[in-house]
Amino acid sequence: GNEGKIHLGYVYAMDSSLCTAYAMLRGAEAFWREVGRWTGMALFERHSSKPFIYAAPLDSMKDPASIQAYFDAVSDLGESYSVAPGGRRPLNTSRLSQSELSNLFDASKVSAAWQTEEGAIDPLAIRLALIEALSGLSRIEIRLGCEVQKVEDTKRGWAVAFSLNAADESELFDIVINSAWEQRLA
């Protein structure tokens, strides 16, 4: 869930290869495209946060000039991606002025701060919109409140053993999507 944050790679300033930013940008583009396809783009307009602000503490592992250079590189990389509703480009960051910095942070602890285009979307709003969009489709079954005991790949499909309302059940499915956070590995 990441509190609904849509990462674009800015927070990974120690990765000078930009590999992490590349992965984050690709993920953000896929997220907007696929979730928007099912829910409509108005969801993003109604339930998105303000842009994120990153602050560099005085004892940061990178100085403000290096952070700015990294942010610029991520923004340049982002020009190849549609990472927001409507495919907004280019990505921009803006360094806060001293007065803006003082209004938001303790100047004795923070050397600089930047507003980025990263933001978050309310995970509950996405959840409700996706349930609504998917519940009307006859080829998709949504099973909420199940406790999956076992998933096994068989020649005929995915055998799923689960308990629902205190009853043990087992069914065969063509595709299974685990959208739970807890017990993902199990």
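Analyst: In strand β7, W158 is the bridge partner of D153. The model is a predicted one, in which local features need pLDDT of at least 70 and side-chain atom pairs count only at pLDDT 80 or more, while totals for chains, interfaces and linings use all residues. Residues are numbered from 1 along each chain as its sequence is written, and side-chain values use heavy atoms, with hydrogens and water left out.

Strands here are DSSP runs of E with at least two residues, helices are runs of H or I with at least four residues, and both are numbered from the N terminus. Buried means under 20% relative accessible area, exposed over 50%, and partly exposed in between, with a 1.4 Å probe and protein chains only.

On one side of the pairing is strand β6, residues 147-154, which runs antiparallel to β7 over 7 bridges. Two strands count as paired if DSSP finds at least two bridges between them. With 2 residues between them, β6 and β7 form a hairpin.

Strand β8, residues 167-173, is also antiparallel to β7, and 7 bridges join the two. Here A161 stands opposite S170 in β8. These two strands form a hairpin as well, again with 2 residues between them, and N165 in the turn has a positive phi of about 55°.

Now the chain around these strands. It has 5 helices and 8 strands, in the order β-α-α-β-α-β-α-β-β-α-β-β-β along the sequence.

Among the helices, α1 (residues 19-39) and α5 (residues 123-135) have axes that come within 8 Å and cross at roughly 55°. Axes are lines fitted to C-alpha atoms, for helices over the stretch in contact, and angles run from 0 to 180 degrees between N-to-C directions. The contact (heavy atoms within 4.5 Å) involves F31, V35, W38 and T39 of α1, together with I126, A129, L130, A133 and L134 of α5.

As for overall dimensions, the C-alpha atoms fill a box of roughly 60 × 35 × 30 Å along the principal axes. Of the 186 residues in the chain, 29% are buried. Finally, among contacts between residues at least 6 apart in sequence, 59% join residues at least 24 apart.
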